[in-house]
2 protein chains.
Amino acid sequence: MTLTPLQQEFVMHFGEMGSRWGINRTVGQIYALLFLSSEPLNAEQITDGLSISRSNTSMGLKELQSWNLVRLKHFQGDRRDYFTTPEDLWEIVRILIAERKKREIDPTLTKLRQLEMQGPAGDDYAEARIAELRELIEMMTGFYDEMEKLETERLVKLMTFGSKIAGLIDKAGGALPTLTKRS
Amino acid sequence: MTLTPLQQEFVMHFGEMGSRWGINRTVGQIYALLFLSSEPLNAEQITDGLSISRSNTSMGLKELQSWNLVRLKHFQGDRRDYFTTPEDLWEIVRILIAERKKREIDPTLTKLRQLEMQGPAGDDYAEARIAELRELIEMMTGFYDEMEKLETERLVKLMTFGSKIAGLIDKAGGALPTLTKRS
DNA sequence: CTTAAGTTTCAGAAATTTCTGAAATCACTG
DNA sequence: CAGTGATTTCAGAAATTTCTGAAACTTAAG
């Protein structure tokens with residue numbers, strides 16, 4: 001299992017970006033390799049394609065599975081697991097956003113609500129700030145839920161509207177809401 | 001500088017979430033503390049509020065400044081630097097998204113374009129996959145650029161449209177585009 | 001039941017990241 | 001321009017994360 005120079009570069013890049021994306025180098029590399037492979041790969045192929053230890057591959061695949069980013073495949077008469085990434089890139093994007101929301105936002109929303117439940121703490125500014133943050137996050141996750149429901153076709157349409165968007169918003173909802181604050 | 005229990009919990013939470021957000025514990029804590037403080041704080045107040053070393057505070061503040069997440073303030077007759085977070089939460093959101101895009105997306109887009117420039121590498125599947133990924137990222141960043149331009153009022157309106165969004169898209173852009181792929 | 005292929009777990013090694021205290025730098029004041 | 005208060009830098013210590021090899025586990029076949 002030798003990688004082409006193109007695969008090499010792509011895989012290395014994903015490895016380097018891994019830490020910025022909240023996964024580790026190996027996980028990034030495994031994902032990149034699967035992403036570029038037209039055929040599903042098994043753990044051994046990944047291990048030697050990336051020159052890492054077999055156990056590291058196993059950990060990485062487990063991590064990718066917990067992210068829902070890989071699909072399992074089997075072949076007749078071969079009991080090894082084979083892995084792929086979803087063909088449809090939009091599905092990958094949806095998964096990524098959903099998982100990041102789950103890991104990076106939901107816990108904080110829960111915590112903010114919990115803090116508000118504890119009742120007045122005698123620090124009006126902090127309490128107001130927390131409430132405001134909670135409201136903002138709720139608005140954004142509400143919007144996310146709506147986008148999530150849209151079929152890919154509609155999403156693509158929305159994304160390609162370009163500068164038409166502003167006019168659309170104005171036409172749709174009547175007057176602009178009154179502002180209560182200025183930054 | 002003693003923190004109230006509310007501040008304590010909030011600060012600790014941001015510290016714990018820090019690593020998931022791509023910053024370290026201290027940076028998360030410093031930010032949380034500033035976020036809840038109605039008054040700007042100087043490095044010493046932060047240092048002893050969080051019981052960390054003075055140099056760690058300095059590093060953390062530098063990091064936050066590189067993220068554009070804090071504002072510098074000065075007082076008459078006091079030459080120490082005081083720090084705050086922007087009052088307007090929407091501004092914070094905008095900054096966060098812009099910075100994450102810069103760190104997590106732009107380098108990859110650059111790399112993908114560079115790989116395509118290198119010309120045919122004799123791996124059709126990988127090449128197609130890379131092109132497809134590049135196109136998708138371009139579409140998404142194009143959409144981001146549009147959203148970025150919107151004033152907060154319009155953004156809020158869009159976000160609160162809820163289920164009206166789908167209908168709006170259909171009405172605005174004529175027929176749905178034909179699909180070329182199914183996942 | 002035994003064997004063997006495949007996979008996962010886990011304790012410690014290696015690497016990386018974060019944090020500290022001391023020293024260096026900066027910049028204002030008298 | 002010396003002195004002082006504030007801040008930054010930096011080398012090493014501490015903590016955390018990642019990676020490995022060996023052992024344990026799982027499952028199917030003979």
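I started with helix α5 (residues 89-117) and helix α6 (residues 124-149) of chain A, whose axes come within 10 Å and cross at roughly 140°. Axes here are lines fitted to C-alpha atoms, for helices over the stretch in contact, and angles run from 0 to 180 degrees between N-to-C directions. Helices (H or I, at least four residues) and strands (E, at least two) are DSSP runs, numbered from the N terminus. α5(A) and α6(A) are therefore oblique to each other; under 35 degrees would count as roughly parallel, over 145 as roughly antiparallel, 65 to 115 as roughly perpendicular, and the rest is oblique. I noted the crossing of α5(A) and α6(A) as left-handed, meaning the near helix is turned anticlockwise from the far one by less than a right angle (clockwise would be right-handed).

A note on the source: this is a predicted model, where local features need pLDDT of at least 70, side-chain atom pairs count only at pLDDT 80 or more, and totals for chains, interfaces and linings use all residues. Residues are numbered from 1 along each chain as its sequence is written, with chains lettered from A and ligands numbered from 1 in the order in which they are written.

Which residues of α5(A) and α6(A) meet? On the α5(A) side I listed, among them, Ile105(A), Leu109(A) and Leu112(A), and on the α6(A) side, among them, Ile130(A), Leu133(A) and Ile137(A). Contact means C-beta atoms, placed from the backbone, within 7 Å. By class, this contact has nine nonpolar, one polar and four charged residues. The classes: Ala, Val, Leu, Ile, Met, Phe, Trp, Tyr, Cys and Pro are nonpolar, Asp, Glu, Lys and Arg charged, and the others, Gly among them, polar.

Next, chain A against chain B. The contact takes 61 residues from each of chain A and chain B. On the chain A side, the elements giving two or more residues include α1 (5-18), α7 (152-159) and α8 (164-173). α6(A) gives the most to that side, with 11 residues. I read the chain A side as 33 nonpolar, 11 polar and 17 charged residues.

Last, a sheet in chain B. Its three strands form an open sheet in the order β1-β3-β2, with antiparallel pairing (two strands pair if DSSP finds at least two bridges between them). The edge strands are β1 (41-42) and β2 (71-75), each pairing on one side only. Four bridges join β2(B) to β3(B) (residues 78-84), and two join β1(B) to β3(B). Which residue of β3(B) stands opposite Leu72(B)? I found Phe83(B) there, and Phe83(B) is also the bridge partner of Leu41(B). The β2(B)-β3(B) hairpin has two residues between the strands, and Gly77(B) takes a positive phi near 70° in this hairpin.

Methods
Contact = placed C-beta atoms within 7 Å.
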